[in-house]
Amino acid sequence: MAVGTAIAVGAGIAGKARAAVGPAVPAVEVLPGLFIYPRDAWGANLPPVGPIEAETAQFLLVHHTASSNAYSSAAGLIQATYAFHTSAAKGWSDVCYEFFIGRDGDVWEGRAGALTGPVVADATGGSQGFAQLICLLGDFTSQLPTAAALASLVNVLAWLSDRYAIDIGDAATTSFISRGSQRWPAGTPVTTNTIAGHRDMSYTECPGNALYPLLPEIRARAVAQREVWKPILKPARRLGVVTL
């Protein structure tokens, strides 16, 4: 998803959004080493503008915002993304991504309800459905994410995959009937890795030419992290209210 131009489009709205956000909300410890800022930490006064529906999560989709890596505030960049995604240019109910990851390894709940359970996402190029979207803040076309951001990406993928009983081994795939994207028109059978990149679902450069080749390594690291957490992981659930 290319948000580079989106920041400029939503700049005026985002300025108002930053002023509207209330006191900082502390991050929630989901698992040892994985802390997530709830949506209120960046959008306490920026509610969804439309309904957010529950999703059947079958795979996890990695994105980048394609915006500057030199942003001054992760919360401010997420607010600008919200401003663009809910504007007439996109017309979505909320930010399209379930989770954001910043360069310092900070993790943020994006789309409302994502910390509670799987919710339907939107995406540039159309949403084929059945995915939860994890988006790194920045542009990874020619630059790699920081080690801290990659570590948090691995942790989020490990947590979500266990939560929704998704097999994430390197050869693991899932199949479904697309709800519609410009790569996979509605009704098309799709088979994909259970940890995939946005370009696997839409015609896009996302999540960047530098990041995309790392997906096999990221899958392996996420599998290893699940093993580390295995003694304390709660039973996975696919739908409905899910406790942290």
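**Salt bridges in the predicted model**

Glu 55 is buried, with a relative accessibility of 2% (buried means under 20% relative accessible area, exposed over 50%, and partly exposed in between, with a 1.4 Å probe and protein chains only). The structure is a predicted model, in which local features need pLDDT of at least 70, side-chain atom pairs count only at pLDDT 80 or more, and totals for chains, interfaces and linings use all residues. Residues are numbered from 1 along each chain as its sequence is written, and side-chain values use heavy atoms, with hydrogens and water left out.

A salt bridge is defined as a side-chain nitrogen of Lys or Arg within 4 Å of a carboxyl oxygen of Asp or Glu. By this rule, four salt bridges are counted. One of them joins Glu 55 to Arg 179, with 2.8 Å between the closest N and O atoms. Glu 55 lies in the loop between helix H3 (40–43) and strand S3 (59–64), and Arg 179 in the loop between strand S7 (173–177) and strand S8 (189–193), 124 residues apart. Helices (H or I, at least four residues) and strands (E, at least two) are DSSP runs, numbered from the N terminus. Arg 179 is partly exposed, at 41% relative accessibility.

A salt bridge also connects Arg 111 with Asp 122, at an N to O distance of 2.8 Å. Arg 111 is buried, at 3% relative accessibility.

In a further salt bridge, Arg 226 pairs with Asp 162 at 3.8 Å, N to O. Because Arg 226 belongs to helix H6 (residues 215–229) and Asp 162 to helix H5 (residues 147–163), the pair ties together parts that are 64 residues apart in sequence. Asp 162 is buried, at 15% relative accessibility.
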